[in-house]
Amino acid sequence: MNSSIDFIGDIHGHCDELVALLKKLGYEERNGTYCYPGNARTVVFLGDYIDRDSQVREAVNLVRAMRDAGAAVALMGNHEFNALSFWHENGVGGHHIEAIHGGYLREHSFNKVAIHVKTVESYRGRKTEFFEMLDFLKTLPFYLETDLFRAQHACFDFKSAEMLNAAKIRSFADGNFDELIARANDQYHEYEDSIFDPINLFLKGPEMSLPDGLTFRDGEGVLRKRTRIRWWMDPKNANLQQLSFQPGVELPPHEVPQEIHERDFYGENERPVFFGHYWLTGVPELVRDNVCCLDYSVAGYRGDGRLAAYRFDGEQKLDASKFVWVDAGSVQ
């Protein structure tokens, strides 16, 4: 992989915006896919291709075609992981997870079913193609690391990378899928070979429980008792308000448990890291000069989000002028 890379955040079925962004970045349609002239640049997609909007099938096909042509790397997002778990029966492959109620690794509750509706509708009348899409999702790496950068959907965690590297697991294609997907859902370590913690950190990021009685509602109205945290911030002397990373929600400056103060974080001297997942809004900006989030809520319910990219050329101090984006709904 060369050092000229365009990182693209969460797509969530917005294929028209994806095509517009690729063209704005200078990619051209050739032989049924999009490539940069002379193959001088590569895309790294940061996950979450499915759910939320109506062009899931088109978006997945575009991402897959670019991946197969060598014009892109496609990483796994939490929505891809959730879909694989939603459609996989608990116990297949020998790892039955007692803590999971119901017949599947992800519960079929109203909220969980509702999340996947747009994806299923996109493949209406194409059942075989739908399950081929799930097979494609199994091949998506959990993270990407080079001498110049790191990239994943939600959080880069060093111990998790060491654990997965030691086990030679970079995707669900690296072994028996039935076994690996069960191990990835083994939250309470019912089996000694659980890989829940590293997969959860890479795809969903770290969270902490809120103090008793404290809750908030997210952008979709779901009541939350846990908050995502800033995994790049030194937590040693930080309080809840400083550590919480829930855009649009401000929590009080409560003390946090000692284990949160002691957790590892992504330091200022580390190579640049790129990710999505966190539903930012407004004009894209850097979190820090080596920390770049590219989820700007193209699928947000307010309709004012953006599909964002960062044009990386190997620089170790990132430059906010290198963001490129298209507005949600701007494509005619």
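1. Start with helix α6 (residues 158-167) and helix α8 (residues 196-204). Their axes come within 9 Å and cross at roughly 125°. The axes are lines fitted to C-alpha atoms over the stretch in contact, and angles run from 0 to 180 degrees between N-to-C directions. Helices here are DSSP runs (H or I, at least four residues), as are strands (E, at least two), numbered from the N terminus. α6 and α8 are therefore oblique to each other. Angles under 35 degrees count as roughly parallel, over 145 as roughly antiparallel, 65 to 115 as roughly perpendicular and the rest as oblique.

2. A note on the source. This is a predicted model, where local features need pLDDT of at least 70 and side-chain atom pairs count only at pLDDT 80 or more, while totals for chains, interfaces and linings use all residues. Residues are numbered from 1 along each chain as its sequence is written, and side-chain values use heavy atoms, with hydrogens and water left out.

3. Which residues of α6 and α8 meet? S160, A161, M163 and L164 in α6 touch D197, P198, I199, L201 and F202 in α8. Contact means heavy atoms within 4.5 Å. By class, this contact has 7 nonpolar residues, 1 polar and 1 charged. Ala, Val, Leu, Ile, Met, Phe, Trp, Tyr, Cys and Pro count as nonpolar, Asp, Glu, Lys and Arg as charged, and the others, Gly among them, as polar.

4. Now α2 and helix α4 (residues 110-122). They pack at an angle of about 75°, with axes 7 Å apart. α2 and α4 are therefore roughly perpendicular to each other. V56, R57 and E58 in α2 meet K118, T119 and S122 in α4. The classes in this contact are 1 nonpolar, 2 polar and 3 charged.

5. The largest nonpolar core has 88 residues. Such a core is a set of buried Ala, Val, Leu, Ile, Met, Phe, Trp, Tyr and Cys residues joined through side-chain atoms within 4.5 Å. F7, I8, F45, M66, F172 and F274 have the most contacts inside this core. Helix α2 (residues 56-68) gives the largest share, 6 residues. A second, separate core has 11 residues, including L214, I229, L251 and V256.

6. Beyond its neighbours within four places in sequence, F172 is in contact with M76, F81, L84, K138, F142, F177, L180, I181 and A184.

7. H277 sits in the loop between β12 (273-275) and β13 (291-293). H277 counts as buried because its relative accessibility is 3%. Buried means under 20% relative accessible area, exposed over 50%, partly exposed in between (1.4 Å probe, protein chains only). Leaving aside neighbours within four places in sequence, its contacts are D10, N78, H153, A154, L203, K204, R228 and D295.
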